Amino acid sequence: MRREWRSAGSARTLAALALAAAIACFPASAATEEAKRGEAPKEISSGSVTVRLHDVLLLDQDGRKVRFPGDVIGGRVVVIDTFFTTCGLVCPILGAIFSDLQEQLGDRLDREVRLISITVDPLTDIPPRLKNYAAQWEARPGWLFLTGEKKTVDRVLEGIGMYSPDFADHPPAFLVGDGKTGEWTRFYGFATPEQLMEKVTELTGKRAAGGKSS
Amino acid sequence: MRDSFPRRALCGILLAGVLVAGASGAGLGEREKKGKKIYMEGTGRKKITAFLPGAGIRAPGAGFPCVNCHLAGGSGQLEGGVRSADIAWDTLTKEYSGKRPSGRAHPAYTEESLRTAVTEGLDAAGNELNAAHPRYEMAREDLDDLIAYMKVMDSESVPGVTDAAVRVGFLYPAKGPLEEGAREVRTLLSGYAAEANARGGFYNRRLELVEIPFDPSVEGAALAAARTAVESEGVLCFLANIGIPTDGAAAAYLSRERVPVFVPLLSAPEGGYGADRYTFHVLAGIKDQARVMVDFLSESLNGPANRLGILYAKDASGEKGAEGAREQAEKRGLRVAAELSYVPGVFDALDAVRRMGGDRVDAVLYFGGPSEALAFARGASGEKGNTPFLAPATMVGDALRAAPPGFLRRVYLAAPLAPPDEGTREMADLQRIREKYSVGDRHRSFQLLAYAGAVLLEEGLRRSGKGVTREKLVGAIGNVWKLQTGVTPPLTYNANRRTGAPGAAIVRVDPGTGRLVTVAEWREPQ
C-alpha cells in the first residue's frame with residue numbers, strides 16, 4: 001500500500017528518469033489549480049533557531065537505550081518532528097511527510113541523514129507501541145522513534161523548542177539541523193517534503209564544500 | 001492524474017443515479033453501511049486517495065479516514081492546534097450568516113457543496129478548508145454512499161442501547177465441565193442486574209442480561225452464540241463470558257466487531273501492550289505471575305538467589321512463564337543457571353531433577369502442568385537440600401498437595417487472586433446476592449471475578465454517561481485507575497494495559513493443616 005505513496009518530488013524524479021520529458025505530474029497540476037483559483041501559494045514560516053540538545057538517555061522503538069544527542073544525532077544531518085501514536089489528525093500527515101522523505105533519501109538514510117520522531121506522550125508511547133507505529137510507516141533503519149521517562153522527554157522537547165504542556169495540542173513543526181555545525185532551522189506548520197529536502201541538501205552540500213576546502 | 005478526476009466523477013453521476021436510501025429505523029441501509037465503511041476506514045467500492053495539501057502528498061484514503069479527525073458521530077475535536085469541524089448533518093445544513101467555529105462564514109451545505117468540500121477542499125462559500133484537511137479522490141458512488149451515511153450518523157442507534165435498557169451479553173456453556181460454574185455465575189449476574197435495576201438502573205435504563213448458552217462439545221458453537229448475541233440480540237457488550245478461549249474464533253470475532261468484553265472467565269492472557277483493545281481482564285497472565293515470583297525470590301529468601309533454574313512446558317503458558325522469568329531475572333540481577341523445557345506429556349522427571357535438583361540451582365521456577373510438577377516432586381524428594389520450587393497456582397492446581405511432605409515444604413505458589421478482604425461493602429453485597437438468589441458457593445473464584453466484572457461495567461456505564469457507545473465504554477474503562485471492586489485487588493487500565501490487577505500473592509501449603517498460608521502479600525511486579 002505505502003509503496004504507492006508518491007510525493008510530488010518522487011513522482012517528478014521518476015517521471016524525469018523514465019521519460020526525461022515534461023509529464024503532467026502532480027505539483028504542476030496542483031499549482032495550476034491554485035493559480036486558477038487566483039490564490040497565492042501557501043507560505044510556510046521557517047527560520048534559523050538556537051536549540052539546546054540536552055545530554056540524556058532515551059529509548060528507541062526497539063527498547064534500546066540511546067544517548068541523545070550523541071547516539072541519536074551524532075554528526076549527522078537530521079530532521080526532527082514530534083508525534084504521538086494515538087493522534088489521528090496532525091500526526092498521520094507528519095508521518096506521511098517523513099515517509100516521503102525516507103523514500104527520497106534512499107540509501108543516504110542513516111548513513112548521512114536521520115529522521116527522528118519524538119513522542120510527546122511518552123507515558124502511553126512505550127517502545128513496543130512505537131515499533132508497531134514504525135512498522136505502519138515501513139520505517140527503515142535511520143528513522144528513529146524515541147520515547148523515555150516523561151521528565152526526560154519533556155526536557156529534550158523543551159530544549160529543541162517543541163514542548164507543549166498539553167501534548168494533544170502539539171503544533172506541527174519540523175527542525176532540520178546539522179549535528180556537526182549546530183545550524184538549525186525550524187519549519188512551522190506542514191512543510192512539504194521538498195522544502196525539508198531542500199534544507200537537508202543545503203546542509204549536506206555545505207559539508208561537502210567544507211570537506212573539499214579543508 | 002487529478003485532471004482525470006472530473007471525468008471519472010461524471011461517469012459516477014451517470015451510474016449512481018439518485019439512489020440515496022433513507023435511514024431505516026435502527027439499522028443502516030446498504031448505502032449507509034458502505035458509507036460508514038468509507039467514513040470509518042477510508043475504503044470504498046473503488047480506490048480512494050487522499051491528497052494532503054499541507055504536505056503536497058498523495059496517500060491511500062485508508063490512512064486518512066474521516067473518523068480519525070471528525071470522530072464517530074461527526075462531532076469533531078481539537079488536536080495539534082487544528083479544530084476539526086462538527087460535520088453532523090444538522091450542523092452542516094444549518095442556515096447561519098455569521099462565522100462558523102472554523103472562523104469562516106459560509107451558507108448551509110447542500111449535497112453538491114459537500115461533495116466539493118470532500119473532493120476539492122472548498123467550503124460552501126468556496127473558501128479553502130484548513131490545509132490539514134485532505135482532498136479526497138473518490139468515485140461518485142462512494143461519495144454518495146458517504147453522504148448517505150453522514151446524513152444519519154449522528155442519530156445512528158447504538159447497539160444494545162435503547163431509551164429503556166442497556167443489553168449486556170453473557171455467553172456460557174450449557175454442558176460439560178464448566179456447566180455448574182456457569183450456572184452459578186449466571187444466577188449471580190442476573191441477581192446483580194435485578195439489584196442494580198431496583199436501584200434505578202443506569203441513566204434510567206434497565207440492565208438487561210442476554211444469556212446465550214452454547215454446547216462446548218460442538219465445534220463452532222461458541223462462535224455461533226457470539227454471532228447471535230451481536231447480530232440478532234443486539235448487545236452493547238459482554239460480561240463474564242465463560243469458556244470462550246482468548247485464541248478461539250469467538251474471541252477473534254468479538255474483537256473484529258469491536259465489541260467490549262469485560263472479564264472473560266478462564267482466560268488470562270498477557271494483558272500488556274498488544275492485548276486486544278476491547279477485552280478487559282482482571283487477573284495476571286502467567287508472564288506477570290512469573291515476574292512476581294522472581295521479585296519474591298530476589299527479596300524474600302535468605303539472600304539473593306543467584307542461580308535460577310527454569311523448567312517449563314513447551315506450550316503457550318509455559319513459554320510465557322519462562323519469558324517473564326528470564327526478563328525479570330535480568331532486571332533484578334539474577335542469573336538463569338539452568339533451563340529445561342519439555343513437550344507436555346513427554347516429561348523425563350529424573351533428567352529434570354538431575355539438572356535442577358540438589359543444590360545445582362538456588363531455586364526452580366516451574367511453568368507446566370500439574371502431573372509433571374508432581375512427577376518432579378516425587379523424583380526430587382529423595383534428594384537433600386531445600387531448594388525452593390515456585391509455580392503459578394493456576395498452572396499446577398492442587399496437584400502438589402499430593403507431593404511428599406519433604407518436598408511440599410519447598411513449594412511456593414503464585415496466586416493471582418489474593419484472598420479478598422471479607423469486610424468490604426462489596427463482599428457483603430456479593431454475599432447478600434448469593435443468599436438471596438441461591439447462587440451456590442462451589443465456584444467462588446468465578447463468582448469473585450464475575451462480580452468484579454460487573455463492578456467494572458457499572459463504572460464504565462456511569463463514566464460513559466447517557467450517550468454511551470461501545471467506543472465510549474472502552475475509552476472510559478481505559479482510564480480507570482485503582483478502582484476498588486472490594487473483591488479483587490484494585491483495577492487499573494490504560495492504553496497499554498488490559499489487565500486490571502496484574503500481580504500475585506505468594507502462598508504455600510502448610511504441611512500440617514493442608515491450608516494455604518500467604519508468605520508474600522499480593523503485589524504487582526516491579
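Colleague: Which residue stands opposite Leu175(A) in S8(A)?

Modeller: Ile80(A) stands opposite Leu175(A) in S8(A). Please note that this is a predicted model, in which local features need pLDDT of at least 70 and side-chain atom pairs count only at pLDDT 80 or more, while totals for chains, interfaces and linings use all residues. Residues are numbered from 1 along each chain as its sequence is written, and chains are lettered from A and ligands numbered from 1 in the order in which they are written.

Colleague: In which sense do strand S5 and S8(A) pair, and over how many bridges?

Modeller: Strands (E, at least two residues) and helices (H or I, at least four) are DSSP runs, numbered from the N terminus, and two strands pair if DSSP finds at least two bridges between them. Here strand S5 (residues 77-83) of chain A pairs with S8(A) in the antiparallel sense over 4 bridges. S8(A) is also joined by 5 bridges to strand S9 (residues 184-188) of chain A, again running antiparallel, and Leu175(A) faces Arg186(A) in S9(A). In the hairpin of S8(A) and S9(A), 5 residues lie between the strands, and Gly182(A) takes a positive phi near 75°.

Colleague: How many residues of strand S8 of chain A are buried?

Modeller: A residue is buried if 20 or more other C-beta atoms, placed from the backbone, lie within 10 Å of its own. In strand S8 (residues 173-178) of chain A, 6 of its 6 residues are buried. Ala173(A), Leu175(A) and Gly177(A) cover one side, and Phe174(A), Val176(A) and Asp178(A) the other. In chain A, 42% of the 214 residues count as buried.

Colleague: What is the order of the strands in the open sheet of chain B?

Modeller: The order of its 7 strands is S12-S11-S13-S14-S15-S17-S18, with mixed pairing. Strands S12 (335-342) and S18 (516-523) of chain B are the edge strands, each pairing on one side only. Within the sheet, S11 (residues 307-313) and S13 (residues 363-367) of chain B run parallel, joined by 5 bridges; Leu308(B) stands opposite Ala363(B) in S13(B).

Colleague: At what angle do the axes of helix H7 and helix H16 of chain B cross?

Modeller: Axes are lines fitted to C-alpha atoms, for helices over the stretch in contact, and angles run from 0 to 180 degrees between N-to-C directions. The axes of H7 (residues 179-198) and H16 (residues 425-436) of chain B come within 9 Å and cross at roughly 110°. H7(B) and H16(B) are therefore roughly perpendicular to each other, a term for angles of 65 to 115 degrees.

Terms used. Angles under 35 degrees count as roughly parallel, over 145 as roughly antiparallel, 65 to 115 as roughly perpendicular and the rest as oblique. A residue is buried if 20 or more other C-beta atoms lie within 10 Å of its own, exposed if 12 or fewer, and partly exposed in between; C-beta atoms are placed from the backbone.
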